[in-house]
Amino acid sequence: DVYLSTTWVDAMVFRGKSNVGDRITCKAQCNRTFGCSVEVGLRVEAQFPGGEVRHINTGYINVMCLRNSTKEEIQMPELTPETPDQKQQYSQAVGRYRFRTERILLHNISAAATTTTDNVSSSACWKWSDDMSKEISLGNIASLLSAINTIDLVQSTWINMPITPPSLLNQIPSLNCILNEGAWGNDVKTLIVSAEVNASAAAMFDFIMDVSKRTMYDPVLEEARVVRSLDENNDIIQYVYKGLVGEGGEKKNKSDYSLLRTWGKHDSRYIISSRSILHPSLPEDDDFIREEISPSGFILSPILDENTPVKEEEVVSNKTHLQYVIIVTPRVKQIAGGNTVQLVVGAVAKLIGHCETL
């Protein structure tokens, strides 16, 4: 009445090749159980008749035990390791399990933006891990690009938002704001403000990367600083926001954000993405309310035409298509006092004004 279902294949490492005539032996060992699942270690060996045994493949799979009639998950019995190898695999399985779980959450935008009934984000904040640093930074950029890609993939879920105040359109005719009403589900919305800017993408990138300049265009930001540089494409930054006035006129406490900022150049586009991170270099401060955001940031694409010059294989354009992306959870709307769209559009308009004077 029960059956096993493979839920995850992990760390398949090909160490060598098999040849025609080899005898292939597959070995499996249950390393450790985790509730209703068990990690199974796999070892593949090859041997030409009369020759030496060669270890050619290693991997790990995660298997669930389910009841055939109801698909109910069945608790797996705990294993007791006996040999030195079993004890080593049993101990290391915890790290692999934690790594797999973090990886799943890392690439699940919907799960990362879920909220509780109290409008408190339950998993919007990643925990920094040196072992997963490359995957975390790539996930930060990928989340931003995924939001942009939904414009073409699910056009019916995007609606045009009015620009407030309308006078901004006189200053920036190309200014546009669209809202996705739920491509990710869980009451999560994606806001994208875009415009054509008379400035080069490289100059805009340098301006935006200078966190000391952010207060020039973000009206509710009080302080921004780089806390720690992680590598050439990642750092930890802190934003401290002024205490806003609530709907009932009450003054709210200042809030701060611990953010992982990731940047890079993909093709001719500059991308800067920031999202909440738990990092030991920036612990919570009792003076602030620690808030969380999902991936948000800028995509700067040079606007090209047939007259755009190319200098040393680098495209040189003094016009840029700016896209600012923010994933709006119920928590973000609460922080902004319900004026998220107006605040974001106003900040982007101010940023454009500064960039066009560079």
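Here are some numbered notes on the predicted model above.

1. Ground rules. This is a predicted model, so local features need pLDDT of at least 70 and side-chain atom pairs count only at pLDDT 80 or more, while totals for chains, interfaces and linings use all residues. Residues are numbered from 1 along each chain as its sequence is written, and side-chain values use heavy atoms, with hydrogens and water left out.

2. The overall picture. The protein has seven helices and 17 strands, taken as DSSP runs (H or I of at least four residues for helices, E of at least two for strands) and numbered from the N terminus. Of its 358 residues, 44% count as buried; buried means under 20% relative accessible area, exposed over 50%, and partly exposed in between, with a 1.4 Å probe and protein chains only. The accessible surface is about 19,300 Å², and carbon and sulfur atoms own 51% of that. Those areas come from the Shrake-Rupley method with a 1.4 Å probe, and for residues only the protein chains shown count as cover. Among contacts (heavy atoms within 4.5 Å) with a separation of 6 or more, 61% are between residues 24 or more positions apart.

3. Strand β3 and its two neighbours. I'd start with β3, residues 37-47, where eight of the 11 residues are buried. On one side, β2 (residues 23-34) pairs with β3 in the antiparallel sense over 11 bridges; strands pair if DSSP finds at least two bridges between them. Arg-23 stands opposite Gln-47 in that pairing. The β2-β3 hairpin has two residues between the strands, and Gly-35 takes a positive phi near 70° there. β3 also pairs with β4 (residues 53-67), again antiparallel over 11 bridges, with Glu-45 opposite His-55.

4. Glu-45 makes a salt bridge with Arg-43, with the closest N and O atoms 2.7 Å apart. A salt bridge here is a side-chain nitrogen of Lys or Arg within 4 Å of a carboxyl oxygen of Asp or Glu. Glu-45 is buried at 11% relative accessible area, whereas Arg-43 is partly exposed at 36%. Lys-27 joins these two in a network of salt bridges.

5. Other salt bridges. The whole structure has nine of them. Asp-256 pairs with Arg-290 at 2.9 Å between the closest N and O atoms. This pair links distant parts of the chain, from β11 (residues 255-266) to β13 (residues 289-290), 34 residues apart. Asp-256 is buried at 0% relative accessibility, and Arg-290 is buried too, at 15%. Another pair is Asp-218 with Arg-214, whose closest N and O atoms are 3.4 Å apart; both residues are buried.

6. Asn-62. This residue sits in β4 and is buried at 8% relative accessible area. Leaving out residues up to four places away in sequence, Asn-62 touches Ser-5, Thr-6, Thr-7, Trp-8, Ser-37, Val-38, Glu-39 and Arg-100.

7. Cysteines. The disulfide count is zero, using a cut-off of cysteine sulfur atoms within 2.5 Å. For Cys-36, the closest cysteine sulfur is in Cys-65 at 8.1 Å, which is too far for a bond. Cys-36 counts as buried at 17% relative accessibility, as does Cys-355 at 1%.

8. Strand β7. Four of the five residues in β7 (residues 176-180) are buried, so the strand is largely enclosed by the rest of the structure. Three bridges join β6 (residues 158-160) to β7 in an antiparallel arrangement, with Asn-160 partnered by Ile-178. β7 also runs antiparallel to β8 (residues 189-197), over five bridges, and there Ile-178 has Ile-192 as its bridge partner.

9. Helix α7. Its 16 residues (340-355) reach 22 Å from first C-alpha to last, close to the 22 Å expected, which is 1.5 Å times one less than the number of residues. The buried residues of α7 include Val-344, Val-348, Leu-351 and Cys-355. In general, an α-helix has 3.6 residues a turn, so residues three or four places apart point the same way.

10. Backbone spots to look at. Most residues other than glycine have a negative phi, and most peptide bonds are trans. Lys-71 has a positive phi of about 65° although it is not a glycine, and lies in the loop between β4 and α1 (84-106). The Thr-164 to Pro-165 peptide bond is cis, with omega near -5°; Pro-165 lies in the loop between β6 and α4 (167-171).
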